[in-house]
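Reader: Please take a close look at one part of this model, the aromatic rings and what surrounds them. Give me the geometry, with cut-offs.

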Amino acid sequence: MFYPLSFFIGMRYAKASKRSSFIAFINFFSVAGIALGLMSLITVLGVMNGFEGELKLRNLGITPHILLDADQARASHNVTEWLDSIDEVKAKSLHIQGEGLVQSVKGIEPIMFHGIEPDVFQTTSVVANNMLTGSLDNLQAGKYTVVIGRALSIKLQLGMGDKLRVITSDSSYFGPFGRMYSQRVYTVGGIYDMGSALDGKVLFMHIADSAKLLRSRTEEIAQTRLFLHDAFDYQRVTERLEQAQIQSSNWRTQQGALFDAVKMEKNMMSMMLLLIIAVAAFNIVSALVMVVTEKKGDIAILLTQGMSRKAVMSIFLFNGAYNGLKGTIIGLVLGLTLVLQMNNLLTFFNVPIFLGPNGQNLPIDIQWPQIILLVFVSLLLCFVASLFPAYQALKTNPATALKYE
């Protein structure tokens with residue numbers, strides 16, 4: 001097979017180790033550093049992506065993605081048909097939200113109640129897929145049943161069919177004995193478990209029952225809740241709503257700080273591990289500088305034989321690129337293997353980490369665009385690190401280099 005001369009010589013220099021053991025030693029550790037850095041970065045990003053995905057599934061499965069202002073949504077012409085034309089919107093329903101207290105014979109806890117349309121919620125919300133007992137179908141108008149989280153059921157020692165009292169100040173009024181709070185007794189019709197902090201703070205009831213609790217009519221206070229295919233696409237939908245002059249609120253009001261913290265942590269971890277790759281890549285500089293110093297006589301002979309200076313420079317670019325490519329491939333294979341076998345390794349070493357959908361295993365999410373970007377950045381750093389030694393080789397003066405040969 002035919003190879004360009006500069007490529008052939010560059011590979012000879014990169015693989016030669018008998019006469020230049022110290023250079024080979026530095027080359028080995030630069031390759032190892034690139035491989036370990038890339039392996040660590042792939043592993044950390046896979047775990048962090050999985051953790052972020054679990055937070056999105058659990059927390060944003062309960063929190064409304066977008067809520068439209070009730071008055072403006074009703075006043076806008078053909079708003080229902082217009083919302084159906086937005087690709088990011090999966091479904092919509094009427095929604096009532098309020099704060100209050102829930103009381104049982106065992107205690108009292110602050111909660112947020114969501115008045116929902118069970119038929120829509122059953123097919124669009126992940127809560128329906130995480131029911132321990134009961135069903136969202138038990139939420140029927142006039143039956144005054146609620147679906148509560150497992151954490152809340154444990155705190156108040158509630159089970160299926162038990163009674164609880166929901167108290168809210170959102171519709172309080174002054175009576176003969178002072179301020180009177182709206183309250184009603186409900187029956188537990190289901191218990192869900194999302195594994196979220198919101199399990200102990202949010203309960204669901206039929207939208208008609210929530211309107212009666214607030215002493216109002218559904219059509220007067222109900223907002224329009226939008227379910228998105230991806231909750232992180234809220235900005236695109238919000239911009240279109242603003243263009244239509246419809247006011248709205250989104251999940252960032254309640255959960256934005258949490259996801260910002262997770263994103264910042266992921267970015268900082270990525271930056272620190274990327275610096276490891278950068279340090280390893282620039283070890284190539286020291287190795288190639290020594291190679292150039294040792295091979296000055298060879299370079300001079302090649303120049304006197306008619307090889308162009310650009311071809312001489314290419315020799316050492318190929319040399320550095322080879323080490324970078326070797327380290328990147330090794331790091332890629334080790335990183336993907338480690339992240340895919342992470343849960344098996346944790347089980348083997350008996351390390352209890354339970355963050356998965358059902359409280360089992362570590363969540364892993366490999367995003368291939370990220371992997372491709374990491375490989376590209378790693379190779380780019382190695383190429384940049386090879387430029388300076390290659391330029392030093394290009395400036396070699398044959399007469400000076402062969403003076404004492």
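**Rings and their surroundings**

Author: K56 lies over the face of F232, at 4.2 Å from the ring centre. The rule for a charge over a ring asks for NZ of Lys or CZ of Arg within 6 Å of the ring centre and within 35 degrees of the ring normal. The model is predicted, so local features need pLDDT of at least 70 and side-chain atom pairs pLDDT 80 or more, while totals for chains, interfaces and linings use all residues. Residues are numbered from 1 along each chain as its sequence is written, and side-chain values use heavy atoms, without hydrogens and water.

Some context for the whole chain. It holds 15 helices and ten strands. These are DSSP runs numbered from the N terminus: helices are H or I with at least four residues, strands are E with at least two. Of the 405 residues, 46% count as buried. Buried means under 20% relative accessible area, exposed means over 50%, and partly exposed lies in between, with a 1.4 Å probe on protein chains only. Take contacts between residues at least 6 apart in sequence: 79% of them join residues at least 24 apart. Contact here means heavy atoms within 4.5 Å.

Now ring against ring. A pair of aromatic rings is described by the distance of the centres and the angle of the planes. Rings of Phe, Tyr and Trp (its six-membered ring) pair if their centres lie within 6.5 Å; planes under 30 degrees apart are stacked, over 60 edge-to-face, and the rest tilted. That rule gives nine aromatic pairs. One of them is F121 with F204: the ring centres are 5.2 Å apart and the planes stand at 50 degrees, so the pair is tilted. F121 sits in helix α5 (residues 118-124) and F204 in strand β8 (residues 202-206), and the pair links these distant parts of the chain, 83 residues apart. F121 is buried, at 1% relative accessibility. F204 is buried too, at 0%.

A further pair is Y144 with Y186, and this one is edge-to-face. The centres are 5.9 Å apart and the planes make an angle of 75 degrees. Y144 belongs to the loop between β4 (131-134) and β5 (145-149) and Y186 to strand β7, so the pair ties together parts 42 residues apart in sequence. Y144 counts as buried because its relative accessibility is 17%. Y186 counts as buried at 0%. Ring pairs also build a cluster, which links F121, Y192, F204 and F227.

Stay with Y144 for its backbone. Its phi is near 55 degrees, a positive value in a residue other than glycine. Q157 also has a positive phi, near 50 degrees, and is likewise not a glycine. Q157 lies in the loop between α6 (150-156) and β6. Its relative accessible area is 54%, so Q157 is exposed.

Y144 also meets T187. T187 lies in strand β7 (residues 178-192). T187 counts as buried, at 18% relative accessibility. Apart from neighbours within four places in sequence, T187 contacts Y144, T145, V146, G161, D162 and K163.

Strand β6 (residues 163-175) holds I167. I167 is buried, with a relative accessible area of 17%. Residues up to four places away in sequence aside, I167 touches G100, L101, Q103, Y181, S182 and Q183. I167 and S182 are 15 residues apart in sequence, and their C-alpha atoms are 5.9 Å apart in space.

A cavity is a set of points on a 1 Å grid over the protein atoms alone, where a 1.4 Å probe fits but cannot get out; lining residues have an atom within 4 Å of a point. The count is one cavity of 30 Å³ or more. The largest cavity holds about 50 Å³ of space. Its lining consists of I42, L45, G46, N49, V339, D365, I366, Q367, Q370 and I371. At least two lining residues come from each of α2 (21-59) and α14 (368-394). The largest share, four residues, belongs to α2.

Technical notes. 1 Å grid on protein atoms, 1.4 Å probe; cavity = no way out; pocket = protein on both sides within 12 Å on 5 of 7 lines; lining within 4 Å. Points joined across faces, edges and corners; volume = space filled by probe spheres on them.
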